[in-house]
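Here are my notes on the model, point by point. Please read them alongside the coordinates.

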Amino acid sequence: MFKQHSRTRSYRWALSALLSCIWLAGCGSSTSVEGDGSTAAPQAKTYLICPGENATAEALIAFFDAREGDTIEFCEGHFDLGTGLIVNSKNGITIKGAGIDKTFLSFTSSDSSEGLNISHADGIVMEGFTVQDTPGNAIRVYRSKYVTFRAVRALWSDYATCSTDPEADDACAHHGAYGLYPVESRHILIEDSESWGASDAGIYVGQSSDVIVRRTRAEYNVAGFEFENTYRAVFEDNVATNNVGGFLVFDLPGLSQYGEKNIIRRNKAFQNNMDNFAPIGNIVGIVPRGTGMLILSTDNLEIYDNDIYEHDTLGIAVVNYGLADPGEPDLKYDFYPEGINIHGNRFRDNSMNMAEPDLDRGEATLLPLLLRLKNLGRGAHIIWDGAVDEYNGCAPYPVDDDGIALNQPNATEHGEADRYEARSNELGRPNYQRNDPEPECKYNAWKFDENGDRKPELGLFIGEDNSFENTMASTLLATDFLNAKITTSALPDLLLELLNPASTNLAPHRGSLAAVQVRPLKLPYVPDLNSAGARPTEAQISKACTGGAGGKVNFAAAAEYNCPMLAQYGLFEDPSDPTGGAVGGVKYDLNTPLFTDYASKHRFIFIPPGSHATYQDHNDGVTATLDFPVGTIIAKTFSYEKDGVETMVETRLLIKRRNGDDVVWMGLPYLWQTDEHGKRYAALQIEGKKLSIDYDYSDHDPDVDAHYAGTVGKYEVPAALHCLYCHAGDNQEPGTAPIGPKARNLNKDFDYGDEGVVNQLIHLKALGLLEGLPANFDDVERLPRWNVPGDGGDTPNSDADIQHRVRAFFEVNCMHCHNPAGAGSNSGLFLDSYRKIDAHYGICKRPVAAGKGSGGRRYDIIPGDADGSILPYRLASTEAGVRMPPIARTVAQGEVINLVASWINDVLPTDDTYDYESCTGNGLTLKDMTQADFDKAMADALKGDFTLTSADQRRAAAAQPVSEQ
């Protein structure tokens, strides 16, 4: 049942696809037109969705149609939703249920990773419902501001088996990674909420600023609560129990920002003693069972007035990144946690039964055993690894991309007057951002005064007002504190440190730091109804969509309205045939297309008369297509062939519209159907549709000797909302901006029939539809065809040819998300063709936010080991929450999987490839050592000639094979 209400008047709205579409329109005026021609102020609406077989379609339509000030309300009951729900580039929308224990949005059968995906959307409020059994994350909020989670729950229903059923480890590892998941966002409030059963973190706040998480509960997750690379954030009055670890505050390398100035106060962390069930390869996979709080490599953190008790391994651990990966090369990344202030907390009965090593999860899991050895068999409430940075001689202060030092103002940063103050903190620490160039060296001079002494504010402070109590037989000998003096997992350093006695002396850590100051959140958000634009009436839509002149494109309707029938735009001479005979349109092809379940595609560009596109290449941005004028319509029809018969399935439109002073691209899916007279037509299908399709045909490129046959059991005509998964990014025009028609991907010959075979870009210029094409055509970039040996510009199947073709595939199929401004930016994996092949391209890069997508693998790409690499694993998967790309395909493309495997196994490393030894086992680890290796390393350590003075020097030496040290 789908009801629509107005706060001042009600509407009756039938749920037929056609009539639904009539209500759905693009960008209009800011007022609505009454029947008598007068205008009325825009009014907020409430969409009421109740359980039933049409609930998914109703929800998709409501999320598509909702505007600023509207409410989408789910009734009490259980919803089985077949796909994820998206809010993108819309502000001020409330999503609510009847209560956290009354409304259940289940995504058990969903084809999407996330349940709710909120992106580039400010002022969103979510309250009163449970999101259940998502393949991936429950609720993701990305690059948004002023967002509230209130009384919402993330739940994986079989959460209890993660601790009670020893055979359930794999099943729990396949839970979604994150429950409530704001990332790269600002001014976020999470309150009175819950997460149960996440395979990474229940409540996860990543790369965000100005956040409060309060009165929230996390149980049966790997990490209950986590701040990662987050700035000015507070955990207060929360409960973490029955997780692997209660509270984590991490800073990790290679991300968009680094964290500081956070607070953990008035929380309860108790009995977080579950065995770790995170997929191997994820950083939380090394968190030992029984961890109250784990602080990794972050700065300026205040922990006070918390109850921390009955943990098997430890109460609080403060450690540096050298224990996880001493070879990490990111020069912007600081390994060391500094300015940590722990005071006024109550500790009881921690270190009851320390976790055992699990070397499959990494050498870092040895830490609890080593700690107990160094503490003479005892546990401890607070454990510090003892790592202290030393001045490394790196002198030049890091600069931004304009060459201006970060400790100086730069009023023209990024071409805008947006930085009138230094990007450094009170102590001089540079606050890096992702677009800053790699510094010459790892700058740490800011930590030291003019005498070379470390600034006292950077110490570990443990107040005398903490209380420690041991009441159990297993904890009677536990010490209050342990300085373990174990700072690295690299050999032979680690062996040397094992010989260095630990300390339980708290005297060096007495004292206090100034309280961490955070800013008030800019909440609540007040919707601006006038900014949303008005919904056009049925009469307006009908008049515009049926008013086109024969033989001409109806650009006037396309400029404002989502017409219910494709034919109403007048794009094709034969409205039943979208493959040819375009009215003023230009057909085109791509060197390397996006793979869509072996569908064939017919593409057209329609540019309004008197307008033209402008040439752009990658120097205008890696995602830059031709710059199309307002009014442009791009049509792409998907078809399948079998027995020589081609069947049209759907036509997708991208329409560039004016939106006030800005522009916006609108994506619309039209489903091909047959009426009772056997006539073919395409109708707007806002909610999308799943189909089963057979195919059997040969590749249309004469240079490709390939035949394709099979069945696509769940071909997806995407909901209009889902176009935004791939087509929206910060470095693109708003909405569903095009991806394919980049100059380098259009740079190919095309057979225009009577006009002959002509390069597509030259043809567009000759038609007056393209300006700015370089005078010397040799300067025009070209992307190779990924599936044509030799098209990579070298001998067929040579190393260079394979690499260029693989990179072309990644750029077209992955890069629209995996770039620094794309939807996958928080992963730190970037796949454009012009990037050096280094850690950001996946070489020896640890996964971030991958969850079960890691497949138990440790690195995105391991040169020489495709089977052990995450990237080809995800390309080969068809499982929601694992497969990449996450939409646009439901079957695996074996041809590209084989090519990528060949590239990883046989081509890497190449001349421009990053030093990859850190993930290929060239340096011995404890797990790899034979007894002879161990004896030699110990003998070397006992010689006492290991005299490297700085941590960076020690890490560099540790990266060499033991025989060379």
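1. Which residues of the largest nonpolar core touch the most other members? They are F74, I95, M126, I139, F149, Y569 and F606, in a core of 106 residues. A nonpolar core here is a set of buried Ala, Val, Leu, Ile, Met, Phe, Trp, Tyr and Cys residues joined through side-chain atoms within 4.5 Å. Buried means under 20% relative accessible area, exposed over 50%, and partly exposed in between (1.4 Å probe, protein chains only). Helix α2 (residues 55–65) gives the most to this core, with seven residues. Helices (H or I, at least four residues) and strands (E, at least two) are DSSP runs, numbered from the N terminus.

2. Ground rules. This is a predicted model: local features need pLDDT of at least 70, side-chain atom pairs count only at pLDDT 80 or more, and totals for chains, interfaces and linings use all residues. Residues are numbered from 1 along each chain as its sequence is written, and side-chain values use heavy atoms, with hydrogens and water left out.

3. Confidence. pLDDT is the predictor's confidence in each residue, from 0 to 100. Its mean over the protein is 86, and 88% of the residues reach 70 or more. Residues 1–39 stay under 50, and the model gives them 105 contacts beyond four places in sequence. Contact means heavy atoms within 4.5 Å. The stretch 921–931 is also below 50, with 21 contacts beyond near neighbours in sequence.

4. M126 is in contact with residues including I95, I139 and F149, leaving aside neighbours within four places in sequence. Its contacts also include T148 and R150. A second, separate core has 63 residues, among them C172, V183, F250 and I486. In soluble globular proteins, nonpolar side chains tend to be buried together.

5. A buried glycine. G631 sits in the loop between β39 (613–614) and β40 (633–642). It counts as buried because its relative accessibility is 14%. Not counting residues up to four places away in sequence, G631 touches F555, F606, P608 and K656. S611 is 20 residues from G631 in sequence, and 8.9 Å away C-alpha to C-alpha.

6. Salt bridges. The whole structure has 49. The criterion is a side-chain nitrogen of Lys or Arg within 4 Å of a carboxyl oxygen of Asp or Glu. E184 pairs with R143, the closest N and O atoms being 2.7 Å apart. The two residues are 41 apart: E184 is in the loop between β15 (178–183) and β16 (186–191), R143 in the loop between β13 (139–142) and β14 (145–155). E184 is buried at 12% relative accessible area, and R143 is buried at 17%.

7. Two further pairs. K656 and E733 meet at 2.8 Å, N to O. K656 lies in strand β41 (residues 645–659) and E733 in the loop between α9 (723–727) and α10 (743–746), so the pair ties together parts 77 residues apart in sequence. K656 is buried at 4% relative accessibility, whereas E733 is partly exposed at 28%. E811 and R744 meet at 2.5 Å, N to O. E811 is in helix α12 (residues 799–813) and R744 in helix α10, so this pair ties together parts 67 residues apart in sequence. E811 and R744 are buried. Separately, R150, E191, D192, R214 and R215 are linked in a network of salt bridges.

8. Disulfides. There are three, taking a disulfide as a pair of cysteine sulfur atoms within 2.5 Å. C50 and C75 have their sulfur atoms 1.9 Å apart, and both residues are buried. C394 joins C441, S to S 1.9 Å. The torsion about that S-S bond, between C394 and C441, is about 80 degrees, so the disulfide is right-handed. C394 is buried at 3%, while C441 is partly exposed at 22%. C545 joins C563, S to S 2.0 Å. The torsion about the S-S bond of C545 and C563 is about -90 degrees, so this disulfide is left-handed.

9. C814 is in no disulfide; the nearest cysteine sulfur, that of C817, is 8.9 Å away. The sulfur of C817 is 5.1 Å from its closest cysteine sulfur, in C726, which is too far for a bond. C814 is buried at 11% relative accessibility, and C817 is buried at 14%.
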